[in-house]
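Biologist: Can you put the model up? I'd like to go through the rings, the cavities and a few strands.

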Amino acid sequence: MIAGSRMSTEYPKVKISEKEARGIAENLYGITGGFFALPGEIDFNFRIDAGGKSYLLKVGRPGAKQDFLEFQLALLQHVSQSDTGIISPVPIPDLQGNYIPEIKDDDGRTRKVRLFSWVEGRLWSEVNPVSRDLLYSLGEEAGRLTRALQGFNHPLAEREFEWDVAQAAWTRDYLKLFKEENQEILKFFLDQYENFLERYGKLRKSLVHNDANDNNVLVSEDQARPRVRAIIDFGDAIFTQVINDLAVTLAYAVMDLPDPLGAAIPVVTGYHSQFPLEEDELEVLYVLVAMRLVISVSKSAINKEKEPDNEYLQISDAQAWELLKKWRTISADFALFSFRQACGLPAHPREKEFKEWASEHPVALTSLFPGIQKEQVHPLDLSVSGTWIGDRDEANDLDLFQLKIDRLQKEVPEKLIAGGYLEPRAIYSTSAYERTGNYGKESRSIHLGIDFWVPPGTPVHALFDGEVVCAVNDAGDKEYGGLIILRHLAGDLPFYTLHGHQTLESVLKLKEGGKIRKGEPVGVIGSPPENGNWAPHLHFQLMLSMLNHRDDFPGVAYPSEMDIWRSLCPDPNMLFQLRDLVAKPIPEPSETMAYRKEHLGKSLSLSYDEPLKMVRGDGVFLIDHLGRKFLDTVNNVAHVGHEHPRVVRTGQKQMAVLNTNTRYLHDNINIFTRELLSTFPGELSVVHLVNSGSEANELALRMARTCTGQMDVIAMEVGYHGNTTGCVSISSYKFDGKGGTGAPEHTHVVPLPDRFRGVHRGEESGPLYAEHVRERIDQIHSLGREPAAFICESIMSCGGQIELPDRFLELAYAHVRKAGGLCIADEVQVGCGRVGREFWGFQLHGVVPDIVTIGKPIGNGHPLAAVVCTRTVADAFANGMEYFNTFGGNPVSCAIGTEVLRVVRDEKLQQNALDTGNYLKNELRKMQKQFPVIGDVRGQGLFLGIELCDRDLTPQTEKAAYLANRMKEMGILMSTDGRDVNVMKVKPPMVFYREHADQLLEALQRILHEDFMQL
Ligand SMILES: Cc1ncc(COP(=O)(O)O)c(C=O)c1O
């Protein structure tokens, strides 16, 4: 509920008890059954469950007006007979056929009674989250209801009513009830409202519901994909401008959301899909939403005067005020453009007109830069997927950037370097480009102008006659610096040209309000830092509205608003009409997917219901094709951070010099080997370099089989060791999973040592699980064979981040060795400092394997892997058959591996894994107490698992999938795994610090509160 409750103090005196209600239902309707009293503002309401049906019984107050009830009755009958599919309470007559029978209460007063069919659903106010789809479905339902009400009217619908937005002018008389700053807000909207009254009065009218507040909207029980089922309570229905109904719906629907305008869009789209809106209606919608809130806070203020001690009134008021204040900061123009775009119209009403004008008024590049006699451009791609710009450090190194521009300019001396319209860019890294939207953090990335990379000191000239509307120093890092905005006319259509990054001296010479003639100077290209700290260039942009801006104007937009800005800021190349400046459309991920589906193997899976297209990595973030940043808690491959500059440069440099194979001597292979071995216990002293984890395990298998002369391998349940035939044959995750055909002859699986939900539970279960290893050895012996090897990850990853219980490895290794087998530790996922306390996972268990396989992290994304073993194993393997690997151990890979190890050391990433991992684990354990769906929190360092299950330990697979998808919507990547795919895995790049842990925790907290996550 929001402010303006119409609760009355006489309520207790006229109350109808449940007992009385039972009597009424039985006498009038012959209905007996379960009775539940419901809250009601005016009537006394009861739900009755009888004979497999449910009803709503309403008993009125003494003196309820017959004609008003008849109006309601006729209205509901009209709606229930419409062909719109609207669900609404259907009136039911009493045994005598009366729809509004009367009874006498205990005090002899007449009460009017009504019975309706019950409408199932949850209240909107109880639904969490309010998703885009739900907002859309609210709009759809509201539009459908308006449609259903067409053609119906009643004399009482045209009554005086304070809650009718069309009659809101009364609120001006109560301004004095508010403090000054609040008065300013109310006046602002009232002024605008009164200004358009004449136009507004001419808009189409009909009878509308007029009160789709969060307690009148019923939502389906589906917790994952809820839809609005019905809008109930027609007590406020009124004959008024149709658009008022949408305004009322919006005023409640967008409350409490960080970005109310963003939330309004799907509602408008949904409404329009069912009841097409007219352009004139959209023009007043922004103010009408506010006016409903103005009525609400005014009613509330009046009630507060009457009941100053009523705390409820104060609280309910706060939400409406919060929204009013936010709404006030939104530009009315921008709201209009957004609503138009939501209805499939060009966001700017005159966009087409401008385009036509521009096509008839082309300008030459030399008009903008008369000092540079160049007519053609060379396009420069600075988009998020572009490679010219390099990584973040390179992009921010202004000297380097300029050097590259100069070099490029030498290659194309006759052309002007330019581009960037609607380009998604990742270079806007300051917090000024960020906000918290309805679905987590978002950053502005879509570039709205064209950048011309011309030398500092180049004069810039006006393209058209105009007036200076802004001549300022837009100071600050990554701002415009010297900025000029001119206002021009295309016929009678005003438009603006923006010229950013000029010298202060040249800009401040011009005076706001001053006239400029075509061809006159508007500034001179500036240098850093006065130009906002960029390599020198002109940012040139067109706008069809200044919105609410005076001294600035966005040059970059949020991806979610791109289509609105595209219309508001047309392509400047409409003026220049140069082929090389034509903005390249951003390819949709669906295009990429279509090709992939056709030409790549179907067994390659894609993450998420709506797959992501990643085009850039940066530390702990991945960035998609629109420049949206995702916190990555999945990719332990990018061990020291996505595209770590030291690792990248090392690889680039070595690649430029030499890349051969291990048949030649090369220092890189020795250096890498030495650095790698320094992290191992002395017994593990020989290295073979390969290209992937699979290859490493394949080689480890061959080594074990060659050394022992045996074939049989003991492997873990739900273990995964790689994609080759050999690896799949020892991966229960595969052969026991979809498409698998069970364990092959020589593989013997031992139970997953899961002390939380496994066959043995609790801290003491290690020896019990090790016993299964012994049993398998007995089984192999019974076949007349010996084990070749036992392979186990040091923390089971695909198994669901299962930490091995104490003593399991120690005892299992002892059994295997006693039988002559070798022990292989698969460190492909967990190695290289990730577990925090130790550098390698097996060290957590005080054992030394015979063979260790290393993969993913060691190359930080470059295909590099290794097998480290004892001298005995290495010598036994070298039986004369050469081991050649074309790519394994090449100088580039070795340089990269060395650099990864050095970065881990220099940036103290193992220590960070310990500190941040412990912090995160502790916080998650606290969360576990709050949310019973978290069954277990486990893991070491930055290799953690959150297992979702109910109180009986039944795995909650769907909840895990929901959580991963919702986290993605919040800008955080998480993966799920485990035998029942109910474990959320946390294994981010090791540059995941406390701030990132907090971001993760905050989002988890939010989503764990959502309906679908409840047990
Ligand atoms: C534990 C484990 N071992 C081996 C592999 C195989 O590594 P790759 O995919 O590099 O071949 C994987 C891959 O996910 C793994 O998780």
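Modeller: What follows takes those topics in turn. This is a predicted model, where local features need pLDDT of at least 70, side-chain atom pairs count only at pLDDT 80 or more, and totals for chains, interfaces and linings use all residues. Residues are numbered from 1 along each chain as its sequence is written, and side-chain values use heavy atoms, with hydrogens and water left out.

Biologist: Rings, then. How many aromatic pairs does a search of the whole structure find?

Modeller: The search finds 31 aromatic pairs. Rings of Phe, Tyr and Trp (its six-membered ring) pair if their centres lie within 6.5 Å; planes under 30 degrees apart count as stacked, over 60 as edge-to-face and the rest as tilted. One of the pairs is F464 with F495, edge-to-face, at 5.6 Å centre to centre and 80° between the planes.

Biologist: Where in the chain are F464 and F495?

Modeller: In distant parts, 31 residues apart: F464 is in the loop between β18 (459–461) and β19 (466–474), and F495 is in strand β21 (residues 493–502). Helices (H or I, at least four residues) and strands (E, at least two) are DSSP runs, numbered from the N terminus.

Biologist: Are F464 and F495 buried or exposed?

Modeller: Both F464 and F495 are buried, meaning under 20% relative accessible area, with exposed over 50% and partly exposed in between (1.4 Å probe, protein chains only).

Biologist: What about Y962 and F1012?

Modeller: Y962 and F1012 form a tilted pair, 4.7 Å centre to centre with 35° between the planes. Y962 belongs to helix α30 (residues 957–969) and F1012 to the segment after α31 (994–1008), 50 residues apart. Both Y962 and F1012 are buried. K959 also lies over the face of F1012, at 5.0 Å from the ring centre. A charge sits over a ring if NZ of Lys or CZ of Arg is within 6 Å of the ring centre and within 35 degrees of the ring normal.

Biologist: And which charged end sits over the ring of F188?

Modeller: That of R328, 3.6 Å from the ring centre. F188 is also in a cluster, linked by ring pairs with F189, Y286 and W327.

Biologist: Next topic. How many cavities of 30 Å³ or more are there?

Modeller: Four. On a 1 Å grid over the protein atoms alone, a cavity is a set of points where a 1.4 Å probe fits but cannot get out, and lining residues have an atom within 4 Å of a point. Grid points are joined across faces, edges and corners, and a volume is the space filled by probe spheres set on the points. The largest cavity has a volume of about 90 Å³.

Biologist: What lines the largest cavity?

Modeller: Its lining includes L382, N396, W453, K478 and W534. α14 (392–396) and α15 (398–411) each supply at least two of the lining residues.

Biologist: Strands now. Which way do β27 and β28 run?

Modeller: Strands β27 (residues 621–624) and β28 (residues 629–632) run antiparallel, joined by three bridges; two strands pair if DSSP finds at least two bridges between them. The bridge partner of L622 in β28 is F630.

Biologist: Which strands are in that open sheet, and in what order?

Modeller: The order is β26-β27-β28-β40, with mixed pairing. β26 (614–618) and β40 (972–973) stand at the edges with a single partner strand each, so one side of each is left without a neighbour in the sheet.

Key:
1 Å grid on protein atoms, 1.4 Å probe; cavity = no way out; pocket = protein on both sides within 12 Å on 5 of 7 lines; lining within 4 Å.
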